[in-house]
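This briefing goes with the sequence and model shown below. The points are grouped by topic.

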Protein chains: 2
Amino acid sequence: MVIKRDFKGARGRIERVRGTAATLALEAILFLDMANIRYLVGFTGSEGALIVGEKNNYLLVDGRYTSQARREAHDAEVREYRDKVEGIASIIEGEGWKNCGIESMAVTLRDYIKLRDRLGGRELRCLAEEVAFLRAVKDAAEVDKVKEAIGISSSAFLSVLAGLRPGVEERDVALELEYQIRRGGAENVSFETIVASGENSALPHARPGRRRLEAGDLVVIDYGAVCEGYCSDETCTVAVGDVSDRQREVYGIVKEAHDRAIAAVRAGVACSEVDRVARDFLTERGLGKHFSHGTGHGVGLRVHEEPRLSYLSKDRLEPGMILTVEPGVYLPGSWGIRIEDMVIVEEEGCKVLTTIPKDLRVVG
Amino acid sequence: MVIKRDFKGARGRIERVRGTAATLALEAILFLDMANIRYLVGFTGSEGALIVGEKNNYLLVDGRYTSQARREAHDAEVREYRDKVEGIASIIEGEGWKNCGIESMAVTLRDYIKLRDRLGGRELRCLAEEVAFLRAVKDAAEVDKVKEAIGISSSAFLSVLAGLRPGVEERDVALELEYQIRRGGAENVSFETIVASGENSALPHARPGRRRLEAGDLVVIDYGAVCEGYCSDETCTVAVGDVSDRQREVYGIVKEAHDRAIAAVRAGVACSEVDRVARDFLTERGLGKHFSHGTGHGVGLRVHEEPRLSYLSKDRLEPGMILTVEPGVYLPGSWGIRIEDMVIVEEEGCKVLTTIPKDLRVVG
């Protein structure tokens, strides 16, 4: 089920959902993913539920959020609940709906069972792919927010580069980078910043720790900002002083895998194909088994969203999707390299949104 | 189902799970909640699955986390998966288990359906209350980590107090507080710091924005730190310069509700009773309808965990549970007050773990 994406703006988003419901012969769709709820009606709280019906939409929140929801939400009537499942059930009953779709990736099994049991004979239909791509294609306003996040996080990264030298602790680098991202006007960082040096760089998701940078280290720095809910995500791997010829050589190989993957991005191409381009090149150079994650992912209101640039994906790229491209090589116990940019898919290729050049940079 | 809590340390935790499985006639229990996985086998990554069997335990992770899991995990064999559901299914098949419990609050409906369909005739039994309290009672090492988090966050709060004066933006206060928490040695903040001034203080979960503090404001500051995974959570409401007699009066009422609730905490008492004590007092003073959330919650590896001090709760307090007590009053469009401490339940009462006095403090 591909959702039509020919509407712009918030009202058009609700219409898209109603179109999906109509196609699926559903009287309503229940959303529990807060990113989807924000996307559809503008509510930015951390908990709630949205029911989109053919005529009426309801945003359900608990007492902590009633005032905020009334102030923020458009295109939905705000209702306060004491028990979420009970609140949802009473709307469905009140409207007399015989069926309702439910986001199966955003509801826990426990809440589903409670709601199903509470609703008795009404059908609760599990949706997955039907709503997974709701936010995948970005409109112009969304692209601007992502670009703003990129601008802030990149400036922050460049401002901390001068402090990267032997003796500095990873976690102090991360802290300074996050502080500069926030000082730069971001509402938050989009994920816990990774600063992984020396042997830690071989762990793709290392948390910054007390290790001090040393001459000869590669340092993987993966960071992002959030602006009006929209995320950036970028990774630079830098060299502290002289690194070995082998490190330089592998850096060049990862960089080429990254460049080739970006060159493969355009509307209509399979997501799995972009992954294959990077993976095949690394495999050809004997490094494929050290590339232990996917090549990239969509970015928007969440830092990881659809589509996934994975060999498992069955999806195709569409114009307006914003993606990361981030091949990496990790040699356990030794060192690792990841190079990540963000791009936006276009009909005939893609545009790179991140602005920091990815040639190997030597610091310290 | 109350889980036996007479084991200490990590090995004892696994034994408790096996005891639960045996009581429920389950051959294994599948954990997907990363806090439970950390609690049981020490793995600190952000994604994975743990299967605790009668004899063998398996920690399943994707390629990003294989090295880290091998380094961190105890009491479990590490297996790498490409597709999580497939990885889980092949362990269950390989062991020949006919049934397996599953955390229904930590699995999405989508993953449950995929796993159920993949496993064919094997029983996947939904667990909820049976495992919800796994981490509720803290051992001495856990209490020490929570105390460390409290120490760091409280010191950070006291260090930013001097900067609270008219003209300062909420978000700069939040940023400085979070920076000081991290500088103080915390690995992170335990949630996005709330700094809500003036009319924003009437929103229990306001995000810090561009509003500048003004003389006469009440400012709700809700903050916490994370140390070795364990969280703190504390709220101070401070007055900027002179506040009105009514604000002082309501502050005193909220403070008394808070003190009375803390006085009600002891082993054996119903969680709902602690909530009732605070709520009844506020209702008696005409403020009950403005207390729009529960009285508190457990804190540990997550900042919100069991038990919940809610009128809906059917649970009772046990010695070693760590709780927040945090009544509040929110007058929409005007101002709000919340006062929050952390306590540990004891046989004959409780001990307050937070150290900042909660008398009304005037700054600026």
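The centres of domain 1 of chain A and domain 2 of chain A, taken over C-alpha atoms, are 35 Å apart. Domain bounds come from an automatic or database domain assignment. This is a predicted model: local features need pLDDT of at least 70, side-chain atom pairs count only at pLDDT 80 or more, and totals for chains, interfaces and linings use all residues. Residues are numbered from 1 along each chain as its sequence is written, while chains are lettered from A and ligands numbered from 1 in the order in which they are written.

**Domains of chain A**

- Domain 1 of chain A covers 9–132 and domain 2 covers 140–363.
- Between these domains, five residues of domain 1 of chain A are in contact with four residues of domain 2 of chain A (contact: C-beta atoms, placed from the backbone, lie within 7 Å).
- On the side of domain 1 of chain A that touches domain 2 of chain A, helix α2 (residues 34–41) of chain A gives the most, with three residues; helices (H or I, at least four residues) and strands (E, at least two) are DSSP runs, numbered from the N terminus.
- That side of domain 1 of chain A has three nonpolar, one polar and one charged residues. Nonpolar covers Ala, Val, Leu, Ile, Met, Phe, Trp, Tyr, Cys and Pro, charged covers Asp, Glu, Lys and Arg, and polar covers the others, Gly among them.

**Relation of the two chains**

- Chain B is superposed on chain A by a rotation of 180° with 0.0 Å of shift along its axis (RMSD 0.0 Å).
- The two copies are thus related as by a two-fold rotation axis; the superposition is by least squares on the C-alpha atoms of residues with pLDDT of at least 70 in both.

**Interface between the chains**

- The interface puts 34 residues of chain B in contact with 34 residues of chain A.
- On the side of chain B that touches chain A, the elements that give two or more residues are α3 (66–72), α5 (109–119) and α8 (170–183) of chain B.
- The residues on that side of chain B are 16 nonpolar, twelve polar and six charged.
- The copies meet through the same surface, because 100% of the interface residues of chain B are also interface residues in chain A.

**The α8 pair**

- Helix α8 (residues 170–183) of chain A packs with α8(B) at an angle of about 180°, and their axes are 11 Å apart. Axes are lines fitted to C-alpha atoms, for helices over the stretch in contact, and angles run from 0 to 180 degrees between N-to-C directions.
- The angle makes α8(A) roughly antiparallel to α8(B) (roughly antiparallel: over 145 degrees).
- From α8(A), the contact is made by Leu175(A), Tyr179(A), Arg182(A) and Arg183(A), and from α8(B) by Leu175(B), Tyr179(B), Arg182(B) and Arg183(B).
- By class, the residues of this contact of α8(A) with α8(B) are four nonpolar, no polar and four charged.

**Three-stranded sheet, chain A**

- An open sheet of three strands has the order β7-β10-β11 (chain A), with antiparallel pairing; two strands pair if DSSP finds at least two bridges between them.
- At its edges are β7 (188–189) and β11 (230–231) of chain A, each pairing on one side only.
- Strand β10 (residues 225–227) of chain A pairs with β11(A) in the antiparallel sense over two bridges.
- Opposite Cys227(A) stands Tyr230(A) in β11(A).
- Helix α7 (residues 140–161) of chain A packs on the sheet and touches β10 and β11 of chain A, with its direction at about 140° to that of β10(A).

**Four-stranded sheet, chain B**

- Another open sheet is formed by four strands in the order β8-β9-β12-β20 (chain B), and its pairing is mixed.
- β8 (194–197) and β20 (361–363) of chain B are at the edges with a single partner strand each, so one side of each is left without a neighbour in the sheet.
- From one strand to the next, the twist averages 30°.
- Four bridges join β8(B) to strand β9 (residues 218–223) of chain B in the antiparallel sense.
- Ser197(B) has Val219(B) in β9(B) as its bridge partner.

**Backbone features to check**

- The peptide bond joining Glu306(A) and Pro307(A) is cis, with omega about -5°; Pro307(A) lies in strand β14 (residues 305–309) of chain A.
- In chain B, a cis peptide bond runs from Glu306(B) to Pro307(B), with omega near -5°, and Pro307(B) is in strand β14 (residues 305–309) of chain B.
- Asp75(A) is not a glycine, yet has a positive phi of about 60°. Asp75(A) is in the loop between α3 (66–72) and β4 (77–80) of chain A.

Note on methods:
Two residues are in contact if their C-beta atoms, placed from the backbone, lie within 7 Å. Angles under 35 degrees count as roughly parallel, over 145 as roughly antiparallel, 65 to 115 as roughly perpendicular and the rest as oblique.
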